[in-house]
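This report covers one residue and its surroundings, then the place where two chains meet. Have the sequence and the structure open while reading.

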Amino acid sequence: MSVQRLQKLQGHIVSASKVTMAGPSSPLTTHVLNTAMGVPGSNMALSLSRQDPSTAAWSLITTGTTNADGRCPGLLTREMFTVGVYRMRFETAQYWESLGETCFYPYVEIVFTINDPSQKFHVPLLLSRFSYSTYRGS
Amino acid sequence: CSESASGSSPLTTHVLNSGDGVPAARLALSLHRLDSNLLIWNLLTVGTTNEDGRCPGLISSEAFTAGMYKLRFETGAYWERLGRTSFYPYVEVVFTISEPQQRFHVPLLLSRFSYSTYRGS
C-alpha cells in the first residue's frame, strides 16, 4: 500500500472535533481545493448548519476540519438530512493565515436548498486568496 | 442603486448568468458593512442590476471606509422570476477592505447550480 493511500485512509478514519460522526457515507459531502497552489485545502475549519423554517434561526449540525485531501467525511447521516435550507461555512481567512497569507474573504458561506434528501449532494469550494467558486456536484 | 453617488463608486459588481450566457438583469442586491463593535450588519445600499448586470453607485468614496463588507445577491428570486429553480436561495459574498483608496470589483458568475466570484479592479 502506498504512502499516499495510507494517508488517504487515515484521513477518512481520523476526523477532528466533530459534533456527530456519521457511519455510512454522508449524503452531503464537500471538498476544498486551493486553486492558487494546486493542492487540497487541508486543515480548514468548517461548519454545517440548518435553518429553522419557522423562525429562520440557524442551528449548528456539525463542525469539522478538512483532512489532508481537503475533504470532511461524516458531515451528517441520512436520518439527519431532512428537507431544508443548509449553510456550509468555511473559515477561509484563518486557513490562508495559517499559510502566512491574507485572504480577501474572511469566511465563505454557501447557502443551499435541499428538496430531495434521498440524493447525494457535493458542495465543493475552489478557493484562492482572491476568488472562489462552488457548484452542486453529486 | 442610484447614479447620484458623486463620481464612480469605488466598489462595483457585475452579475453574469453563465447558464444562459447573458448579464443577470434586474437581480436584487444589497451592500452591508459590519459594525465591528456591535457585530451586526448595517445595510448601506439596496439596488437592482441593470440590463448589463451592473449596479452603479453602490457606495461613495467618502462612505467607503476600511472594514468588512457583504454583498448579498437575491439569486433565488432571480431564477424564480425566470421560471426556474436554483440550488442557492441567495448568495452572500463577504470581503475585507483594508485599503479603501483602491477600486474593488466583486462580480458574480452565476448559474442555477454554481457560482463564482473574484476580486477585480
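## Surroundings of B:Ser30

Beyond its neighbours within four places in sequence, B:Ser30 is in contact with B:Leu43, B:Thr45, B:Val46, B:Lys70, B:Leu71 and B:Arg72; contact means heavy atoms within 4.5 Å. This is a predicted model: local features need pLDDT of at least 70, side-chain atom pairs count only at pLDDT 80 or more, and totals for chains, interfaces and linings use all residues. Residues are numbered from 1 along each chain as its sequence is written, chains are lettered from A and ligands numbered from 1 in the order in which they are written, and side-chain values use heavy atoms, with hydrogens and water left out.

B:Ser30 is part of strand S4 (residues 28–35) of chain B. Strands are DSSP runs of E, at least two residues, numbered from the N terminus. The relative accessible area of B:Ser30 is 7%, so the residue is buried (under 20% relative accessible area, 1.4 Å probe, protein chains only).

## Where chains A and B meet

The contact takes 21 residues from chain A and 21 residues from chain B. A:Phe104, A:Val111 and A:Tyr132 supply 33% of the area that chain A buries against chain B, more than any other three residues. Buried area is the accessible area (1.4 Å probe) that two parts lose on being put together, summed over both. Chain A and chain B bury about 1,800 Å² between them, with 62% of it on carbon and sulfur atoms.

Key. Helices (H or I, at least four residues) and strands (E, at least two) are DSSP runs, numbered from the N terminus. Buried means under 20% relative accessible area, exposed over 50%, partly exposed in between (1.4 Å probe, protein chains only).
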